[in-house]
Every structure is written in C-alpha cells, then in structure tokens.
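This report describes how the chains of an assembly meet, and which local features accompany those contacts. The sequence and structure are shown first.

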There are 4 protein chains.
Amino acid sequence: MPHSIAIIGASGYTGAELVRIIATHPSFEIKALAANSKAGQSMAQVFPHLRHLDLPDMVTWEQIDFDQIDLCFCALPHKTSQEVISQLPKTVKIVDLSADFRLRDPAAYEKWYGNKHAAIEMQKEAVYGLTEFYRKEIAAARLVAGTGCNAATGQFILRPLIAAGVIDLDQIILDLQCGVSGAGRSLKENLLHAELSEGTNAYSVGGTHRHLGEFDQEFSAIAGREVKIQFTPHLGPFNRGILATAYLSGDAAQVLATLQAAYADEPFIEVLPMGETPSTHHVRGSNFCHIGVTADRIAGRCIVVAALDNLTKGSSGQAVQNANLMLGEDETAGLMLAPCFP
Amino acid sequence: MPHSIAIIGASGYTGAELVRIIATHPSFEIKALAANSKAGQSMAQVFPHLRHLDLPDMVTWEQIDFDQIDLCFCALPHKTSQEVISQLPKTVKIVDLSADFRLRDPAAYEKWYGNKHAAIEMQKEAVYGLTEFYRKEIAAARLVAGTGCNAATGQFILRPLIAAGVIDLDQIILDLQCGVSGAGRSLKENLLHAELSEGTNAYSVGGTHRHLGEFDQEFSAIAGREVKIQFTPHLGPFNRGILATAYLSGDAAQVLATLQAAYADEPFIEVLPMGETPSTHHVRGSNFCHIGVTADRIAGRCIVVAALDNLTKGSSGQAVQNANLMLGEDETAGLMLAPCFP
Amino acid sequence: MPHSIAIIGASGYTGAELVRIIATHPSFEIKALAANSKAGQSMAQVFPHLRHLDLPDMVTWEQIDFDQIDLCFCALPHKTSQEVISQLPKTVKIVDLSADFRLRDPAAYEKWYGNKHAAIEMQKEAVYGLTEFYRKEIAAARLVAGTGCNAATGQFILRPLIAAGVIDLDQIILDLQCGVSGAGRSLKENLLHAELSEGTNAYSVGGTHRHLGEFDQEFSAIAGREVKIQFTPHLGPFNRGILATAYLSGDAAQVLATLQAAYADEPFIEVLPMGETPSTHHVRGSNFCHIGVTADRIAGRCIVVAALDNLTKGSSGQAVQNANLMLGEDETAGLMLAPCFP
Amino acid sequence: MPHSIAIIGASGYTGAELVRIIATHPSFEIKALAANSKAGQSMAQVFPHLRHLDLPDMVTWEQIDFDQIDLCFCALPHKTSQEVISQLPKTVKIVDLSADFRLRDPAAYEKWYGNKHAAIEMQKEAVYGLTEFYRKEIAAARLVAGTGCNAATGQFILRPLIAAGVIDLDQIILDLQCGVSGAGRSLKENLLHAELSEGTNAYSVGGTHRHLGEFDQEFSAIAGREVKIQFTPHLGPFNRGILATAYLSGDAAQVLATLQAAYADEPFIEVLPMGETPSTHHVRGSNFCHIGVTADRIAGRCIVVAALDNLTKGSSGQAVQNANLMLGEDETAGLMLAPCFP
C-alpha cells in the first residue's frame, strides 16, 4: 500500500520537481497539493508539464487533512516554512526543503537569514538532510531539513577530505556556478531571459552567501575546530545544474583515494578516474553527483570538481531520498531516473 | 523475465535516448550496444551521463550474438540502416529509427533520399511506426519503421482531421520549429553553439524536407486522393522539442471535437481546451504530445499547434512504445516519465 | 553642432538601445534621460553596459527643459505615452516608439488596445514611421509614430507585393518568431530564463495580436480594399531577432523581382538571391533586414522569409533613422553598425 | 587618406570580428581578405552578417599584393601563423592574433604548444600586444603579438597588483568562465549546441591551459621572480564573454586603490566601486573591460572579478587598438562601440 504524500508549496520549482519524481515513484501517492496563492487551481494550470497526471487540485495548507498523510514535503520560502511547520500535527513526518531547520544554532540562523527563529524547539529535533552523511538519523527522524543546493555540492567534495585530514583547512576555496532554477520562480529583473542568457556574473561575493552557514556548521563539526572556507557563486545561463570547483592544498592521489573510499557504496555519487572532470550536462534531471580530482601543476595542490542538478540531488531528489528512508522504503526508490542529455 | 534488447547505433542521440528510457523500463534489459566507430569503448566514455548504468561495452554490430536478443533497435543513419538490417537474422524483431523503411514506394524513397533502396523485399514487410495509428499492425510486426520526428508531429495534428474530412485538403500549411538534437550528433558548422544559439532560421524551404515523403504517403492514403501540404521547418536554439503550427481551413470547433474524439483514450496525447496553446517546454524529456486548437479571426480558419520532444515521442520514445507492443508488454511501460521542467 | 536629444522612458530595452546607437552617432548628443521610476539614478545603475558613457542622470520627464531639446524619443508603454506626449511643448520634434500613434482610426486603436485614445488631435498629425515607405512625410513631420517590431517585419515582406498585385490578398499567412526583448523589461513568469529558454510556444494565436491593427490599416490602404492576413507569433529562446515566414499565393520569380525592385536603393534592406533564406543570427544588433524568396513545390505558391533585430530595425534603429530624416541628417547616420555575430 | 588593411584568416570568428569593427572605423579600409580554404568566395557566403559591406572576395594570402597594404591582421591558427608571417614582406606592419609570437622564450613556446618555433628570429622583434601595458613598444613595433583572451583578462586583474606588491604571489588563484566563441569555428563535438548549451564544465584543469605560458612569462617578469598561478577555465553556454574570478591574499582596499590608480586614464578599463561585481552581459560586443573588487569575510583576502568580450577586447578589438597605435591613429578609433545588451 502506497504512502500518502502531501506537498506544501507545490507551485514553485522544487514543488514541481517533487511531483515529477513522485510521478514514477513505486510507493508514493500524492494526496494533497498546497499553494496558498494558487488554491483552487489545477496542477495543469500552474505547471502544464504535469497535466498528464491525475493530481488533486491546489488547496491552502490549512485545508489539508493531515490524518490521511504519512509524510509532508514542505517547499515554502524560509521564514514562512517555520511558521507553517510549527502548526502542523506532530504525527506527520516532514521533509522541509527550506533553510529554516538547517542551522542548529539559532544565532547562526538569525545572522544568515536576518530574522529570529520562531520555532526553536522544533529546530532541536530537526535532522540535517544530507542523506549520505546522516542516513541513520534521517531514518529515525520526524523532521528532516533539506540542505542548500550549493551546500550539498560543496559538502560532497569536502566532508570526506576534512574528516580524513588530507587537506589544509585554512586554504579551501570553493568556486561555484549555479543554474537559474536555484533562484526559484521569483520575478526578478536579473532572472529574466533577456538579462541572464548569453553571459554570467558572480553574486554574493566575499563570503555573504547564506549557504556558508551550513558550510561553517558542518565543516567545523567534522574538523573539531572552526573551519571557514571562501565561497563565490556565479549565476550561469542554464536552468539546472551546479558545478563546484574546489581549490585545495592536499595531495591529489590521497584526495581521490579518500573520495573513492567514502563513496564506494553510494548509489548516487560517482567518483571519476583521476584527471577526468564532470559536467553539469551529464547529471541534468537526475539524482546523481559526479566528482573528479585533478592534480595541479603546483605540487601539493589539487582541484576537485563536482556536478549535480540543483533541483534534483540538490533539493527535491534529496528530499525524496530522505523520505524513502523515513518511510522504510529502498533509498533509491523513484530516483534512478537517468540524466536527460542532450 | 526481461526481454533482451540490443541497440545498434548507440553512440548517437537517439541511441542514448533509448538507453535513458530503458534504464527505468521494468522489463527490458540491454544486452548489447553497438557503434562500429566506437567499438571497445564504454558507454561512460561515449555518453558520460549514462555512467551510473551497468551496461555492456560498445561492440560492432557484427559482434552481437543475435540468438540472445529478442528485439533490436537500429539507430543508424538511413542507407546504412538498410544495409545492416538486411544482414540481421530474420528471427530478431527490429525497430528501425532511420528513414529507410518508412516509405512504401521505392521510387518515393529514391526521390527523397537520393539513393536506390537496397532492401526492397524487407520494405514490404515493414510497418509504419506511428503507434497510435498502426497499433495492431505493429503488435504483429517483425520490422517496424520509426517515423520522422517532424512527420510524427504533423500527423498527430492532421491524420484525424483528414480522415474526418473537416479541413480543406488543398490549404494545409505546416510551420514547424525543431530543436537541434533532431539534427543528430553530426559535426556541422550551423550546429555549433556559436552559430545556432541566440537566433533562428528556416531550412529546407519550399517543400524540400524529406519528411514530406511521409506526409504525402500517409495523407494521400487516408484521403484516398493526392494530398500535398506546404511545410517549412525552422531550426530553433534549443535542444529538444518540436512545435508545429498548422494553418487550416476548417471550423475550429469541429476540428477540436475531431481531435478530442480521436485521442480520448490515448495515454500520450493530450488535447488542450479550446484556445489554449501548447509549449515544447512542457513536454521536454517525455513521451507526451500536447495539441491545442484556436479559431482564427477569419471565419472558417483555425490554427492547430502541437508540441512534442523530438528525441522521445518523436523518435526513441515512440520506438520503445512500438517495442512494448511487439513484445506483448503494456504499451506505456517505461514511458510515463514526466517532462523535465524547468 | 550636434542635435540635442532627450529620451523619455530610458530605463527600458528600447531606451537603452537608443543610447547604444546614439553613443556612436556623429551628430546626436543626449541632453536628458527620463525614467520616472528611476529618477535620480545614473545610467550605470540602470544599465551597467552603458557605464563608459558620459550621460546625464535619470530625471522625471517633467524635469526636462525642452527649450534645449531638438528631438525627443519617447519609449514609454502605450497609453502612458499619449498622456505624456500630449503635455510636451509643440515645438519639440518627437519620435514615439509606443503603439499610441500608429493607428489613424481611433476606433481601431480602442479595439486593439482596450482604452479610448486620449490625444485624438495629435493622432491626426502623426506620421506612421516605417521609414522606407513614408520617407517624405517623416522628413516633414513633428510627430512620428514608430511601428510595431512585428509589424515592420511583415510589412517589409508584404507592402511591395500587395502594391504590385503579385499575390493573392485573401491567402496571406504570416508566421513569426520573436526574441524575448520584444516583450520588454517586464517581470512576467513566462519571460524568466527558467521558463523561456530551451523551448518555444505560440502566443496571441488566432488573430489577436495587436500588431494586426497596423497590418490591417496599412495593407488595406495599399490594396484599396480590406485585407486581412493570418498572423501567429511565437516566442523564441533568444533575446534579439524576428524571423517572419510568409506563405503566399504568387509566382516566386515575380515576387522576388518585385522585392528586388522595391529595395534596390535601400541602404538597410538586403534582398537575397532566389532560394536563399535569412537568419536572425545575421542581423543581430544591426539596422539591417534580410529578405529571401523561395518557390514552393506547389506551383503558384512561394515562401518569403525576413529577418531583422526587433530592438534595432524593429524599434530604436528605426527611430533613429526617422530622427535623422526629421533633423536633416543623412538617413544612415549612426546606423551602419555591423551585426554582432557570433 | 585611409590606411589599407589586409586580413589573413578572415573566415574565422576573430577575422569576422575584425571586419565588424573596421566596418565603422573612420580611417581603415579593407583591401584584401584571405582565407585559403575559402578563396574565391565572397564574405557574404562565409559570413552572411557582413553582406551589406562592400568587401573584396576571399583570396589566398599568397595572392595579396602587399605593396598596397599598410597593415595586415593575421588571424590564423598558431603554427600556421608563423609559417605565413615569416614569408610576408618585411615592410608590412603585422598584428598577429595567434599564439605564435606571444612567448619570448622558444623553449616555453615548445613546451606549451608542442612544436618547435619555426621563426625564432621574428619572435625577437615581436612586441607583446597587451596595449595598456606595452603602449610605447607597440606604437614603434612592426610585429605585434596579440595576447590570449584568457591571458588578457587575468592580466588586467593581476599586473598592477603584482607590480605594486599588494598581493601574496604564491596564493593566486584565477577561476575563469569563457564563452564558446573563444574556441573558434572548429567542428568539435563538445562545441555543438546540443552538447554545450544548458550546462557547464571545467577544462584544461590542473595548470595545463596554454595561456599559463603568458601568465608565467609576464607575471614573473613584473615580479622579478618566478610567479606561478593556479588557473582553471570553464566553458560556459554563451558565445561571447570571459568572466575571471581571482582569489587573492591582500587587502581589498589596497587592491582596489591600486587598480583604480592603474586604470584611471584608460579609455577601455572601468574599475567599479568597492563591492560591485561586473558581468559579461555588460561588455558583450564591446572593447570594454569591467573590474570589481570585494573583500572576503576572511580578513586579508579579497576577490577581484573582471569581465570582457573575448572576441573584442580579448582579441580583435585589442588588435585594432594596437593597429591604431602602430598607424598613428587615436587609440580608440573605431572602438567606442557600446556593448550590445540585452
């Protein structure tokens, strides 16, 4: 018997991506779709690419009968998310895709997001949703906080290396290019086709991007000391995909061996042979992450590049992966969709 | 027990698309991949987006043991395709994606493709692979000829209307925009990103596009008289998708009713409400075709727009749909992948 | 001594394009830039690509001292444009880029634009700004109404053919693909990169696009009888460019000869040899229009394709061309910029 | 009286860009266009966007009468370039756009380009063509070697900072995204629209990109010691533009002040206010370079981002700038074209 699923915030890109994945999931059934601004509309009106599916119409989240729901994905903006989630019945399992429950320290949350956290008690029970590293906790959790998409990409490169002590913790630079769907379906001038296509630019330069909160929290915890990386994202003229290029002080062979060992049994993480570099083209629309290591010409330095799809592995695919664990399903259920190339 | 599948011509885009679809097909197993120019290479080398799959290495088609193959997809260029297929054992079922067995009249083939047909006997047994209209014949066939991607799109609009006699057969204009993957993985100057992106142009103007051979054959057969349409394709700066805009003399309400009736039970054809128009964005990566009808301001004329993904519904998805029928599987098996948007 | 120029509505794409062109114009000097919503900002803030220019800061249009202005470009939205222009001193020459003064019949204006015209008296003095066909009137005009960008493209194909009587007036179909800058800098969901790139769709299907008002007015006047064409625009995933494909009943050789004769001395209209087709790639960023004629396989029918840049020849370039005439300059001054390819 | 110009290698993108610029140059006149593989063709056939210009047909370079040529641009591939240039009369001034005369040390040339230099004597007279830093030498030179486009971008950031001693020379990381026109008009699979659009990837990772030869030569000369930077280029899905992101150890305020001082009088280099970041969108099609400095959250580190158009400022625009100096013209002649946005 399938699990009954609700999605709150179904009118955004991560909401649509959840529906896309669940459309061919063997044991999830969508019972409710909420988007308060679109309540009353059909999914075909909001996202015509999903019109072939037999889906419930949009409602407000308050209209959902949570007694009938096993697990609820919450794909709302941060701040709104904590307000809504704190009002949901405590019996329903929740995978939150917002930033609201990622940072364990309320002060860090306030620093990066600019508002006081309004659900501090719930924050305590939340598990950080980077599946490959919190598998056991996620399986037992009621509330899982999906990671930032950039934060996931950087951690796939750096967590094993920090844990193994094979890189200089004070010389970590993460340069990243992100597709525009990461910015959501919001109406901003710089997200218009006419402004964004045919070029690129950096943003949140100088250590101001909010996903640094996650990097700081996680890397410092792993290292047992404060770790601060440099991180510059760029906005690229493509819709899906994150390419992270990490500049590291460390031996390339050791770095590669560490990543290979860490991900040997992972179904979604592919470590490439030495010297090969991944491309976002080759993970588009899938839950896979490709990682490649190359030695620099300067001895003792190396470059590690990782590619994933921000909407899938970086967000909604990760969310389904976590939901699979929380509901006792095979972790890969519904997620073996091959990348869509070209 | 799964069906054993071979793919000849696995290094092109339609070959890769077949693998992408079969990757999550419940009852197909890829036993052999052939691409004579890439024999000895792994699929990960030829198409890195498929590296997570456990696939056989590329071989030459001559190396395939066809005793172990239930069905073979042939994704070679035309002319090569007929040469290869005529040498395959007569016991293996074949879905050909090339143009070689689409035209029943050898003279028509020679006219449109410029070379004499070298397997005229096989041509006689081939069934035209537009699933929705040749279902019974396809289920019984040994050799099915996949349609042209533009030809499929135009026929989804026009076949029911010609059959029902609701449009003027001498005033059919089909204007079409096609994504670049329709041109294959060939190295041509006009397919370079620098030449193709940021603009558009018409090509094969004036009734010279080869898919007109299919239109002429099929439409004339349905009408019981010669039907010649006007057809201009354009090359658009996008990878997947065909948008066909048909200008017709006929009553819009009657046209819509005819299409709704024709496709009422079709799992992959979605007819939109009167006045709505489809978009290729909303079928990308899927086997769906969306069709919309709008009345023109000039009485007695209407516009019908259809959208599909040339690589999926227009080619490899159609091929799998046909293979499902030929192997006694559910026609939709493996094909309910939701479109990938954005 | 240079002419003093003002631009009202300088924060939109056509405003920016005017500045781009005037930046290297030999005898125009920008004395005032107005954009009421951005008053007080510098051009570098509003359009960083113009930061190298020594330009006045944005003001409100009410702040402009029109005594010092020879000619004012007005690049406001329709409706706003007539309100502003009717308040400007009658001594200043005006090139309006909006739709407000294109339609001579106030009823037609109201039909297509949904609001009553509020400056009917001024409408009477306005000259329709399709330079190649209203040259003399424009040179003498105080108020010139720039044409719609789609309307310009269609007229470059059709005006000489209608005038010469070489095509069937009841069988004119104009299919058009337009780049997204034609929609302006407005924040709409369908103009986001994530929604618009990687695909295409039709819009304003069925004879509802406003530029039909211009076609109806102009073509009927030329023919001396009512002429109604069919016209379907499509939105393409590129920023600049219009490609118009006209399906006509007429002899291709006669059509080509008519166009060649009409444009033999035109500096910006290039008629291609028989059978060649233009591309928007090859006019991008320029004031040129390329036109190609091909005979269809159906005797007596032909296809004419035209390409221009909607922001330049379709709007701001045309506006400068008209201003040159109004100010007694060489018509091509500042406009011989070569297209930017790739 | 205009200077007589020849272009050898006119069928590539840098050749076309030279023609585009010279089309509105006040004192250059193109007298000969050579492209041996296209000899006999018109420019309209090779580059239809230039069809409005009155240009000589393509010839072989051997057919050019150099007695009538004041300056010859050579836009050939490296290796071919040195072979051709060594056969040209010594009286003609040459701006070479290839890599052949950039590296003063023949061993360095052989190391990076894989073939022995065949014109070592000419190498000695060649002046490195980074105009802003070799102005005087260029004005007096007969043979100027245009820089690599990536090399130019990196040097605009780093030269003043190395010269001023305000950054740590052992901690320079240059991360770069380059548009695809930088790869030229060559037929390679990864340059196809279907492979390149909708994603990004790194290439020449680990210090293997040939432009490092220029960085090593120039930075070591300025510093008076060996300087080796880390440099990773990425291929972006856009045609024109380079965005370089430099990670530096140094005080942001000092870095900004140094750049502002260095470029205060430069017509083409725009240094942005502290904390602003440039975009390739805003330099497209122009000879401008925008540079922005931001302090990192880690004390003592900063990020400097530079944007230019690889075909213009990174190649053909730079070439014309150098030619202006060599022919005694104003350095900015023909080069004040405003960027083409959107």
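## Salt bridges between chains D and A

Between chain D and chain A there are four salt bridges, a salt bridge being a side-chain nitrogen of Lys or Arg within 4 Å of a carboxyl oxygen of Asp or Glu. The model is predicted: local features need pLDDT of at least 70, side-chain atom pairs count only at pLDDT 80 or more, and totals for chains, interfaces and linings use all residues. Residues are numbered from 1 along each chain as its sequence is written, chains are lettered from A and ligands numbered from 1 in the order in which they are written, and side-chain values use heavy atoms, with hydrogens and water left out.

A search of the whole structure gives 73 salt bridges over all chains. Asp216(D) forms a salt bridge with Arg297(A), with the closest N and O atoms 2.8 Å apart. This pair crosses between chains, from helix H9 of chain D, where Asp216(D) lies, to the loop between strand E13 (289-295) and strand E14 (301-308) of chain A, which holds Arg297(A). Helices (H or I, at least four residues) and strands (E, at least two) are DSSP runs, numbered from the N terminus. Arg284(A) is bridged to Glu198(D), the closest N and O atoms being 3.5 Å apart.

## Extent and composition of the D–A interface

The contact, defined by heavy atoms within 4.5 Å, takes 48 residues from chain D and 48 residues from chain A. Together the two chains bury about 4,200 Å², 49% of it on carbon and sulfur atoms; buried area is the accessible area (1.4 Å probe) that two parts lose on being put together, summed over both. Gln230(D), Tyr247(D) and Arg297(D) supply 19% of the area that chain D buries against chain A, more than any other three residues.

Chain D and chain A also share 32 residue pairs in polar contact, both residues being at pLDDT 80 or more. A polar contact is a pair of N or O atoms within 3.5 Å; within protein, one must be able to donate a hydrogen and the other to accept it, and residues adjacent in sequence count only if both atoms are side-chain atoms. Several elements of chain D each supply at least two residues of the side that touches chain A, among them helix H8 (193-196), helix H9 (212-223), strand E10 (230-235) and strand E11 (242-249). E8(D) gives the most to this side, with four residues. By class, the side of chain D that touches chain A has 20 nonpolar, 17 polar and 11 charged residues. Here Ala, Val, Leu, Ile, Met, Phe, Trp, Tyr, Cys and Pro count as nonpolar, Asp, Glu, Lys and Arg as charged, and the others, Gly among them, as polar.

## The A–B interface

Chain A places 30 residues in contact with 30 residues of chain B. The area buried between chain A and chain B is about 2,800 Å², of which carbon and sulfur atoms give 67%.

Two salt bridges are counted between chain A and chain B. One of them joins Arg51(A) to Glu270(B), the closest N and O atoms being 3.4 Å apart. The side of chain A that touches chain B divides into 16 nonpolar, eight polar and six charged residues.

## Symmetry

Two copies of a chain are related by a rotation about an axis and a shift along it. Chain D can be laid on chain A by a turn of 180° and a shift of 0.0 Å along the axis, with an RMSD of 0.0 Å; copies are superposed by least squares on the C-alpha atoms of residues with pLDDT of at least 70 in both. The two copies are thus related as by a two-fold rotation axis. Of the residues of chain D, Pro237(D) comes closest to the rotation axis, its C-alpha lying at 3.3 Å. The same surface serves both copies, as 100% of the contact residues of chain D recur in chain A.

Chain A is superposed on chain B by a rotation of 180° with 0.0 Å of shift along its axis (RMSD 0.0 Å). Of the interface residues of chain A, 100% are also interface residues in chain B, so the copies meet through the same surface.

## Backbone features

A cis peptide bond joins Phe341(A) and Pro342(A), with omega about -5°. Pro342(A) is placed in the segment after helix H11 (312-326) of chain A. In chain C, the peptide bond from Phe341(C) to Pro342(C) is cis, with omega near 0°.

Glu198(A), a residue other than glycine, has a positive phi, near 70°. Glu198(A) lies in the loop between helix H8 (193-196) and strand E9 (201-202) of chain A.
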